[in-house]
Amino acid sequence: MPYFKKTSSRPSSILRLVSSCLCALLVMFSFAANSASTEKTRTKPLVTKPGATAPIRQPHIHVRLVSEHEVLVAGKTSHIGLHLVPDPQWHVYWRNPGDSGLAPKIEWTLPKGLSTKEIIWPWPEQLPVQHLMNYGYGGEVVLPIPLHIPSDLKRKEVSITAKASWLVCKEECIPGEARMTLTLPLGDKQKTSDYAASIADFKNKEPKELPLIGNEIEINENIEMKLYAAKAVFGQAKEIQFFPIQENLVEYGKPANMSWKNNVLNISQAKSMYYSALPELIEGVLVVDGKEAWQFSLRP
Amino acid sequence: MKGIFSRLTFFLLFLMSVPLYAALGIDKAAPDFTASDSNGKTVSLKDFKGKKVVLEWTNDQCPFVKKHYDSGNMQALQKKYTQDGVVWLSVISSAKGKQGYVKGGEANDLTKSRNAAPNHVLIDSEGSIGRKYAAKTTPHMYIIDEKGVLKYMGAIDSIRSASPADIPKAVNYLDLGMKELTAGKALSKPVTKPYGCSVKY
């Protein structure tokens, strides 16, 4: 409750007014700065509830496992997420890290009968370093992994162990690894955890499959691809970024020349220094206006 | 009119960027360079015609470089090949103020403290040798034959990690390339993707 003195001389009340305005401005700016940074970097502490391991702190990163469900059901699939939280201004890498860096890796130790599939990679960002280029995540990321529980599992609970390794970098790079075990009960009904929403958020950043009805490729000093998509997804786009999944195809540090109309996309990017032959399979992620992503694959 | 102008600009920019990489290629003459070594001596690639040359991009703070130095792997390779008459040049392309940048005296201290055995440590703080060779990571290895032709560029070995435990499990591409080169064979792996920290230009 504001406390107003009954008697106050004019100059000091003006002073109070000015200082309270300045305070209000400062508070507003710090909120703005905070919300701008929480878009990417996490300022909320990591809370551990059922369905998550206690976060492990290593240089410039927090790491933990999170589960979509806090109660698993035999015969059903759930998702485990590797939650990587780099410190502000630090980053981790995508499946193809680009010119340098290392993608995060997971080795699972699972009870008999349980199985995992490949990491679902949310679409990445470009992380330029001088004239070189990396691909990765400039803030926290959850890497979801599908986990299948066999229908004949008779146990009351399962312990899932992940040995995760990563490289977290700003200017310098720090490799890390951690072994984390998540123990979850089994029941008749799946119960979603407090982490299901964030797993879903990152799962939604998985590029959607873009079927192609045709393609043309020419290799000179550039890799030139013309993609004919089955759907006219490029029409309204203002910016499309190309992220190759295969390594040694394009020179990451050279910008791709992209042009598009309706369902046709042209990509021209300098050939990689390490290019030796056309791969059997070319897969790429296309990020449209930073808001949605497609994944194409073609056999040249 | 507008279209032609932007296309011309793009073409000119493209021309400017081409020389950086066009000169670099396997079985082509390795780009010549001149630099100061850690003792202030001027060193040029052409000084070493008639000998095989290994270029090793390095940054002593990088975990991937530490993997190969803390384990003694890099020093063992340096000793093995320099004893065989190969010229080993360690190159530091870190810009002033960036990780890995050292002055000559400090570079010599590091060579001593790590028991390393390069013939020269080249201080390339402007990054010009790095850019000529498109050095991307530390470590990043190159083999040049006696005629000055580039025969290998890429990773030091086949397991991309920062863990020294992976060294004995990996194929060492320097050893492989040198063996094939000495036997007069074409290299089975002339180019591999290097791994490591990015060079701190």
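Visitor: In which sense does H3(B) cross H6(B), left-handed or right-handed?

Guide: A crossing counts as left-handed if the near helix is turned anticlockwise from the far one by less than a right angle, and right-handed if clockwise. In this predicted model, H3(B) passes H6(B) in a left-handed crossing. Helices here are DSSP runs (H or I, at least four residues), strands too (E, at least two), numbered from the N terminus.

Visitor: At what angle do helix H3 and helix H6 of chain B pack?

Guide: Axes are lines fitted to C-alpha atoms, for helices over the stretch in contact, and angles run from 0 to 180 degrees between N-to-C directions. For H3 (residues 73-83) and H6 (residues 173-182) of chain B, the angle is about 15°, with the axes 11 Å apart. Angles under 35 degrees count as roughly parallel, so H3(B) and H6(B) are roughly parallel to each other.

Visitor: Which residues meet there?

Guide: Contact means heavy atoms within 4.5 Å. B:Leu77, B:Lys80 and B:Tyr81 of H3(B) meet B:Leu174, B:Asp175 and B:Met178 of H6(B).

Visitor: And in chain A, what is the strand order of the open sheet?

Guide: Strands of a sheet pair through backbone hydrogen bonds, either parallel or antiparallel. DSSP must find at least two bridges for a pair. Here the order is E1-E2-E4-E10-E7 (chain A), with antiparallel pairing. E1 (56-58) and E7 (115-116) of chain A are at the edges with a single partner strand each, so one side of each has no neighbour in the sheet. Between E2 (residues 61-67) and E4 (residues 77-86) of chain A there are 7 bridges, and A:Ile61 stands opposite A:Pro86 in E4(A).

Visitor: How are residues and chains labelled?

Guide: Residues are numbered from 1 along each chain as its sequence is written, and chains are lettered from A and ligands numbered from 1 in the order in which they are written. Local features need pLDDT of at least 70, side-chain atom pairs count only at pLDDT 80 or more, totals for chains, interfaces and linings use all residues, and side-chain values use heavy atoms, leaving out hydrogens and water.

Note on methods:
Angles under 35 degrees count as roughly parallel, over 145 as roughly antiparallel, 65 to 115 as roughly perpendicular and the rest as oblique.
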